[in-house]
Amino acid sequence: MEPRTITRADLAEAVYAQVGLSRNESSDLVEVVLEEIASTLVKGDHVKISSFGSFSIREKGERIGRNPKTGVEVPILPRKVLVFRASHVLKDAINKQQ
């Protein structure tokens, strides 16, 4: 079975089906939650969702990389990366599926 990608519309539909809000209210709720998560991360704060996992921003320093085709060294500029750490509850649920 091929993996399926869950979209914002899928999340809104799940809220609609399980909570009973209208489709527009469900869509708005999903948008508000995702915007709150994004804005918190942009500020540099951590987001922890109990029994799911935590999101944080990590800063990576400048380093030298290598072009795999040519072998030429190139500098990789410093940047911020998003890090997700799954909770033990989520990890256990995933491993039970095997």
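Helices (H or I, at least four residues) and strands (E, at least two) are DSSP runs, numbered from the N terminus. Residues are numbered from 1 along each chain as its sequence is written. This is a predicted model, in which local features need pLDDT of at least 70, side-chain atom pairs count only at pLDDT 80 or more, and totals for chains, interfaces and linings use all residues, while side-chain values use heavy atoms, with hydrogens and water left out.

Select S56 first. S56 lies in strand β2 and is buried, with a relative accessible area of 17%; buried means under 20%, exposed over 50%, and partly exposed in between (1.4 Å probe, protein chains only). Leaving aside residues up to four places away in sequence, S56 touches L41, H46, V81, L82 and V83, where contact means heavy atoms within 4.5 Å.

Next, select residues 23-42, which form helix α2. Its 20 residues reach 28 Å from first C-alpha to last, close to the 28 Å expected (1.5 Å times one less than the number of residues). Colour S26, V30, T40 and L41, the buried residues of α2. Viewed down the helix axis, these buried residues fall within an arc of 110°, so they line one face of α2; the arc is that of the directions from the axis to the C-beta atoms. They pack against α1 (8-19), β1 (47-49), β2 (53-60) and β5 (79-86).

Now turn to the other side of α2, where N24, V32, E35 and V42 are exposed. L34, also in α2, counts as partly exposed at 30% relative accessibility.
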